Amino acid sequence: NIQAATHSLCPIPRTSMSMLPCDRSLAALLLLLLLLPLNCFSWSTSMPRHSTSMPRHSVSGQSAGGSMAMQHLVALSSHIDGAAIIAGSPYGCGSLHGKTYKCSTFVPRSADRELVQYLRRRFAEGLIDDPANLKDMPVVLFSGKNDCVVDTEVMRATYRQLRVFTREERILTSFDTRASHVWSTDHGTCACGSCLMDRGITPTRDATCCNVNNCNYDLSGVSLQHFFGGRNHSAIKPRKKAKASLAWVDQRPYIPGGNPKARMMRCALVYVPTGCEERPSRCRIHVNYHGCQYRDYWRRRKWARLIDLNEYGEANNIVIVYPQAAGDTAGGIGCWNWGGWGDDTNFDTRQSLQLATVIALLQDLDNAVRVSAAKVGNATVPVAREVSDDEPWEEYWSRVGDELGGDGEAARGEALQAETYFV
């Protein structure tokens with residue numbers, strides 16, 4: 001569980017349910033302690049110093065992350081500057097009977113009233129912010145015609161629900177591109193509609209086109225311009241080259257009570273623009289929720305570098321926060337909790353374990369970034385592999401070292417950044 005992982009002297013990198021035994025020799029353990037970097041994966045964690053107020057921020061997400069972004073928007077609408085929902089689902093969709101089918105394939109119009117009533121009931125229970133905050137909320141909705149994972153009809157249902165609370169002119173929709181289940185850009189070699197069925201991304205297969213399609217639609221730019229380019233806001237500047245580095249931030253201290261039902265990875269990724277390095281919290285903040293991803297950082301870092309948010313962040317002093325979910329077998333490995341699944345009944349409210357973790361991190365953003373000693377640059381990240389129970393520590397690190405050209409110390413640091421830590 002999370003608390004065990006936090007306090008153990010033997011955190012284990014792994015990509016399956018198997019674990020390395022912890023009865024290695026004391027000498028090997030001391031050697032490992034000396035060689036591990038002081039980063040997100042170190043055994044001591046700084047206690048968060050939460051601020052008294054929640055910072056204003058915008059939010060976006062794709063797939064399960066799109067549904068999570070919708071929950072984030074509705075639950076915390078008094079603190080949100082705008083939201084982009086990509087291939088997600090309406091608020092409360094996880095409460096519907098037959099949710100797995102309906103929230104990915106077709107939400108009948110007969111469910112529209114139920115979804116609106118569900119939202120209002122959550123507010124009456126004091127679990128979400130006043131939906132009146134949504135009236136002038138800038139929202140972007142995106143779905144591609146070739147999305148075979150979450151049908152466009154589900155996003156049309158999302159539009160219908162928002163129209164009850166949000167003025168029509170504040171909602172931008174794009175349902176006409178031929179994008180597959182991806183984030184859309186206006187550049188690159190991934191043709192619109194690439195990775196049609198997403199039959200599985202492997203470390204030996206280039207995942208780029210299963211993350212982004214060039215559909216000549218700049219989703220990141222359109223969204224940020226809609227959020228911040230209107231009255232009382234300066235226009236969003238064109239994107240510029242982003243830094244290679246991302247901060248790895250330990251999420252564990254922000255999980256309420258260390259509750260294992262939060263189903264969070266150990267680390268979040270944060271892009272801090274050059275102009276925000278001194279004090280990130282003084283800059284605008286944008287939260288992006290990934291879709292269902294395998295539990296390794298190789299793919300997750302790739303996502304964060306492909307969708308152009310970092311480039312717009314660099315040009316406009318917007319800190320980009322990429323929280324990371326572990327998911328579970330009930331709701332999906334690597335997925336955000338969009339359906340409750342019996343382990344967090346307040347999953348779509350301010351009391352959501354996952355949402356509370358993200359907000360606590362935002363409240364402590366300066367400290368969280370400061371104590372993140374590890375920066376991920378252009379170094380090659382080793383392929384995440386399953387670690388066998390029978391493989392000794394020394395052989396494991398030697399194998400990873402060979403993958404990085406024999407640099408043992410670099411191997412330890414890079415492997416800790418690349419391999420999955422289950423909590």
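Predicted model: local features only at pLDDT ≥ 70, side-chain atom pairs only at ≥ 80, totals over all residues.
Local features were taken at pLDDT of at least 70 and side-chain atom pairs at pLDDT 80 or more, whereas totals for chains, interfaces and linings use all residues. Residues are numbered from 1 along each chain as its sequence is written, and side-chain values use heavy atoms, with hydrogens and water left out.

The largest nonpolar core holds 55 residues; such a core is a set of buried Ala, Val, Leu, Ile, Met, Phe, Trp, Tyr and Cys residues joined through side-chain atoms within 4.5 Å. Here, buried denotes under 20% relative accessible area, exposed over 50% and partly exposed the range in between, with a 1.4 Å probe and protein chains only. Leu73, Leu141, Val270, Tyr289 and Val321 touch the most other members of this core. Helix H10 (residues 353-363) supplies its largest share, seven residues. Helices (H or I, at least four residues) and strands (E, at least two) are DSSP runs numbered from the N terminus. Apart from this core lies another, of 46 residues, which includes Ala111, Tyr217, Met265 and Ala304. Contact is defined as heavy atoms within 4.5 Å. With neighbours within four places in sequence left aside, the contacts of Tyr289 include Val59, Met68, His72, Trp336, Leu355 and Val358.

Two packed helices are described by the angle between their axes and the distance between the axes. Axes are lines fitted to C-alpha atoms, for helices over the stretch in contact, and angles run from 0 to 180 degrees between N-to-C directions. The axes of helix H3 (residues 64-75) and H10 come within 11 Å and cross at roughly 70°. H3 is therefore roughly perpendicular to H10, given that angles under 35 degrees count as roughly parallel, over 145 as roughly antiparallel, 65 to 115 as roughly perpendicular and the rest as oblique. Met68, His72 and Ala75 of H3 meet Gln354, Leu355, Val358 and Ile359 of H10.

Helix H5 (residues 112-124) packs against helix H6 (residues 152-165) at an angle of about 50°, with the axes 10 Å apart. This arrangement makes H5 oblique to H6. On the H5 side the contact is made by Asp112, Leu115, Val116, Leu119 and Arg120, and on the H6 side by Arg160, Gln161, Val164 and Phe165.

Arg160, in helix H6, is buried at a relative accessible area of 16%. Its side chain makes a polar contact with that of Asp112 (2.6 Å); a polar contact is a pair of N or O atoms within 3.5 Å, where within protein one must be able to donate a hydrogen and the other to accept it, and residues adjacent in sequence count only if both atoms are side-chain atoms. Arg160 lies 70 residues from Pro90 in sequence, with a C-alpha to C-alpha separation of 8.7 Å.

His181 occupies the loop between strand E4 (171-174) and strand E5 (183-185). The residue is buried, with a relative accessible area of 11%. The His181 side chain makes polar contacts with the side chains of Ser63 (2.7 Å) and Asp147 (2.8 Å).

Most residues other than glycine have a negative phi. Cys195, which is not a glycine, has a positive phi of about 55°. Cys195 lies in the loop between E5 and strand E6 (212-214) and is buried at 17% relative accessibility. Asn216 also has a positive phi, near 55°. Asn216 is in the loop between E6 and helix H7 (219-228) and is exposed at 64% relative accessibility.
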